[in-house]
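Here is a protein chain to get to know. Take a look at the model, then work through the questions below.

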Amino acid sequence: MERIEELEAEANAVYGNHRGTVGGRTVGENEVRDILRTSPDEAVRREAWEASKTVGREVEGTIRELARLRNRLAREAGYPDHYHRSLDLQEMPVAELEDLMSDLEAATEAPFRQLKERLDQNLREKFGVETVGPWLLSDPFFQEPPEDGSLNTDRFFEGKDLEALTRETYDALGLDVRGVVAKSDLYARPGKNQHAFCLSVGRDYPYDVRVLANLRAGRPDAYWMNTMLHEFGHAVYDRHINPKLPYLLRGVSHIATTEAIALMMGSLAEDPGWLGTVAGVPVEDLSEKLVARRREDLLVFTRWALVVFRFEKELYADPDRDDLNDVWWDLVEKLQGVSRPPGRDEPDWAAKIHVATAPVYYHNYVLGNLIAAQLRDYLETHITHGPFYENEVAGRYLLESFFGPGARENWRDTVLRATGEPLDPRHFVASLK
Ligand SMILES: [Zn+2]
């Protein structure tokens, strides 16, 4: 266990400090994302995409070693491997989760294919190419769909203060985040972890909750708006766990329940209603496009999450196999419809930080999306009778029925009590139609 801690810290440091090179210039993840979102130059895009993957070679060995060690612990505890142990400890029966993920694969198959064909057609026209390389997509892993040029969600946030908008969003719900903001590290600087996360330090009340993000002063964009709302969603959950609970139960019910809140809040950054009333961005004529984009986001993200989920299963089944690069690309081709560049044999799977430091985690984003869809439906139908984000009653409801009980209940009971029914993917699947 000690060695695992060390290796995870090492991997974290590599991801934090690694910078790729584009055109002789050192670039971090913010710059790579800018290039992939906006550059019209295929050669530059390809360089940026390649640069985003170079970290994979640096950490591949560490990840394989981590997987071996995690497996050793799992086997000592009687599990076949870490994948099985981790899911069991997350109160997720393996067969049930695999059925759910397969159902979602089937439910997204046809609409995703249609969407991907349309995106490819647009990209072929836009870049004047025959084949769509992965660098023509707008992020290194195709986690989200490229934006329709006429939408450009970044412009909604021009001149806006994302920190202030985050505060105002939670104020509208009656959930104060000032204490968290004061303790947080929100702006990018050299050598800093390039991602975003929320951290609850200790379990003494008042809770010490902090967010790390990489906002760029004077350069607000949709990505960081979504991310800020997401991380502060985790933060309000952490802050409002009933402090009278026994020490060990003062935590979230489950990763999936805290991701549900974070995802529900993050998605507001593209919600026409929230943009109009809270962010003060008039988007009437873009409402339909935003709703369509939301659906595309969910489709693309679900297919990507399936890649990570299925890949990790294979990784833990045999961390020593020498064809992991192919295992990854086979999944990417099958599930995301993205072809591998000819001859590519690189550990691109290792460029995804979760594989190293948040193992067997990704399905929680999928479950989080399912719970978020169900919770928002319930809130708006039964509690607020209108948009939940402009109503303090929603905040109070979340506080009492979702956050407060903490880890006293398992995730199924939390979902049941907060939404009146067990988890039912139909709410999510309906939003894909
Ligand atoms: Zn999250």
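Q: Which residue follows α13, and what is its phi?
A: This is a predicted model, where local features need pLDDT of at least 70, side-chain atom pairs count only at pLDDT 80 or more, and totals for chains, interfaces and linings use all residues. Residues are numbered from 1 along each chain as its sequence is written, and side-chain values use heavy atoms, leaving out hydrogens and water. Helices (H or I, at least four residues) and strands (E, at least two) are DSSP runs, numbered from the N terminus. After α13 comes G337, with a positive phi near 65 degrees.

Q: How many residues does α13 have, and what does it reach from its first C-alpha to its last?
A: Helix α13 covers residues 324–336, which is 13 residues. The expected span is 1.5 Å times one less than the number of residues.

Q: Which elements cover the buried residues of α13?
A: Buried means under 20% relative accessible area, exposed over 50%, and partly exposed in between (1.4 Å probe, protein chains only). In α13 the buried residues are L324, N325, V327, W328, W329, L331, V332, L335 and Q336. Contact means heavy atoms within 4.5 Å. The cover includes α3 (42–53), α4 (55–76), α6 and α12 (287–317).

Q: Is F127 buried or exposed?
A: F127 lies in helix α6, residues 94–127. It touches S39, P40, R45 and L136, not counting residues up to four places away in sequence. Its relative accessibility is 14%, so F127 counts as buried.

Q: How far apart in space are F127 and L324?
A: In sequence, F127 and L324 are 197 residues apart. In space, C-alpha to C-alpha, the separation is 31 Å.

Q: Which residues touch the most other members of the largest nonpolar core?
A: A nonpolar core is a set of buried Ala, Val, Leu, Ile, Met, Phe, Trp, Tyr and Cys residues joined through side-chain atoms within 4.5 Å. The largest one has 124 residues. Its largest share, 14 residues, comes from α12. The residues touching the most other members are F157, F232, W274 and W328.

Q: Which residues are the protein donors of the zinc ion?
A: Donors are N, O and S atoms within 2.8 Å of the metal (3.2 Å for Na, K and Ca); water is not among the atoms, so sites may look incomplete. The spacing along the chain is H-x3-H-x24-E. At 2.0 to 2.6 Å from the zinc ion lie H230 (NE2), H234 (NE2), E259 (OE) and E259 (OE).

Q: What are the buried residues of α1?
A: Helix α1 runs over residues 2–17. The cover of its buried residues includes α4 and α14 (353–357). Those buried residues are I4, L7, A11, Y15 and G16.

Q: How many helices and strands are in the protein chain?
A: Buried residues make up 55% of the 433 residues in the protein chain. Its C-alpha atoms fill a box of roughly 60 × 55 × 45 Å, taken along the principal axes. The chain holds 18 helices and five strands.
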